[in-house]
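Please keep the viewer open as you read.

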Amino acid sequence: GESYWVVFEVALPDESPPSIGTAAVSYVDMLRSAEARHEIALAVGHSAVRLPADLVVRHGLGAWTSETARYAVDDLDQDDLATAAGRLTAHANDLENAYSDLPRVWLREDLATVQDLASLTQALEGGELGARAATDARALLRTTLDALGRARVEQVGARPHDRSPRCCLAA
């Protein structure tokens, strides 16, 4: 199933109460293979809710990784290994740059996964594998890219190939 997020902005009169409810942040924790949910209190005034930067970056990069994986699957389906390899290599470079600014375990693991997928795609493109190994590698590559794309879509609540701005607050 697909997940959809609703982004909302609340306008309140000046005499509103200090607390106006909660917002839920939901995602799939890939390391624990479990859903995670955090409720954040929404408040007015000086104590307004602020999402942790790490959470916003994680969801944004997850959406980007999902989109990259989905497009790489499309490239494979069109037998365009060169485009898939270039796409994955470029994304790995971008994740590496992000990791240099934000060294987190989850980012390092995503980086390693995308680098491995890029290497496998390059090996397929370069004809470095025998016929049987290439067939098996291609099936593994497609299955892994598809799983990565779906996992990240579920994590961030975006639709595949959705280029609209992402947000991690659900109504």
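## How helix pairs are described

Axes here are lines fitted to C-alpha atoms, for helices over the stretch in contact, and angles run from 0 to 180 degrees between N-to-C directions. Two packed helices are described by the angle between their axes and the distance between the axes. With that in hand, we can turn to the model, which is a predicted one.

## The overall layout

The chain holds four helices and two strands. Reading from the N terminus, the order of elements is β-β-α-α-α-α. Of its 171 residues, 36% count as buried. Among contacts with a separation of 6 or more, 63% are between residues 24 or more positions apart.

## α1 alongside α3

How do the axes of α1 and α3 cross? They come within 11 Å of each other, at an angle of roughly 15°. Angles under 35 degrees count as roughly parallel, and α1 and α3 are therefore roughly parallel to each other. The crossing of α1 past α3 is left-handed. On the α1 side, Asp54, Val57, Arg58, Leu61 and Thr65 make the contact, and on the α3 side Trp106, Leu107 and Val114 do.

Both helices have spans close to expectation. α1 has 25 residues and reaches 36 Å from its first C-alpha to its last, close to the expected 36 Å. For α3, with 21 residues, the reach is 30 Å, close to the 30 Å expected. Each is also followed by a residue with positive phi: aspartate 79 comes after α1, with phi near 60°, and glycine 127 comes after α3, with phi near 70°.

## A closer look at aspartate 54

Aspartate 54 is found in helix α1. Is aspartate 54 buried, partly exposed or exposed? Its relative accessible area is 28%, so aspartate 54 is partly exposed, as that class lies between the 20% and 50% cut-offs.

Leaving out residues up to four places away in sequence, aspartate 54 touches Leu102, Arg104 and Trp106. Leucine 102 is 48 residues from aspartate 54 along the chain, and their C-alpha atoms are separated by 8.4 Å.

## α2 against α3

The axes of α2 and α3 come within 8 Å and cross at roughly 155°. That makes α2 roughly antiparallel to α3, and α2 passes α3 in a left-handed crossing. The α2 residues that meet α3 include Leu88, His91, Ala92 and Leu95. Among their α3 counterparts in this contact are Leu111, Val114, Leu117 and Ala118.

In soluble globular proteins, nonpolar side chains tend to be buried together. Here the largest nonpolar core has 21 residues, and Leu88, Leu95, Val114, Leu117, Leu141 and Leu145 touch the most other members. Each of α1 (53-77), α2 (81-101), α3 (105-125) and α4 (131-156) supplies at least two of its residues. Which helix gives the most to this core? It is α3, with seven residues.

Beyond its neighbours within four places in sequence, valine 114 is in contact with Thr65, Leu88, His91, Ala92, Leu95 and Leu148. A second, separate core has five residues, including Val25, Tyr27, Ala36 and Ile40.

How values were computed
Residues numbered from 1 in each chain as written. Predicted model: local features only at pLDDT ≥ 70, side-chain atom pairs only at ≥ 80, totals over all residues. Heavy atoms only, no water. Core = buried A, V, L, I, M, F, W, Y, C linked by side-chain atoms within 4.5 Å. Buried < 20%, exposed > 50% of the residue type's maximum accessible area, 1.4 Å probe, protein only. Contact = heavy atoms within 4.5 Å. Expected span 1.5 Å × (residues − 1). Parallel < 35°, antiparallel > 145°, perpendicular 65-115°, else oblique. Left-handed = near helix turned anticlockwise from the far one by under 90°.
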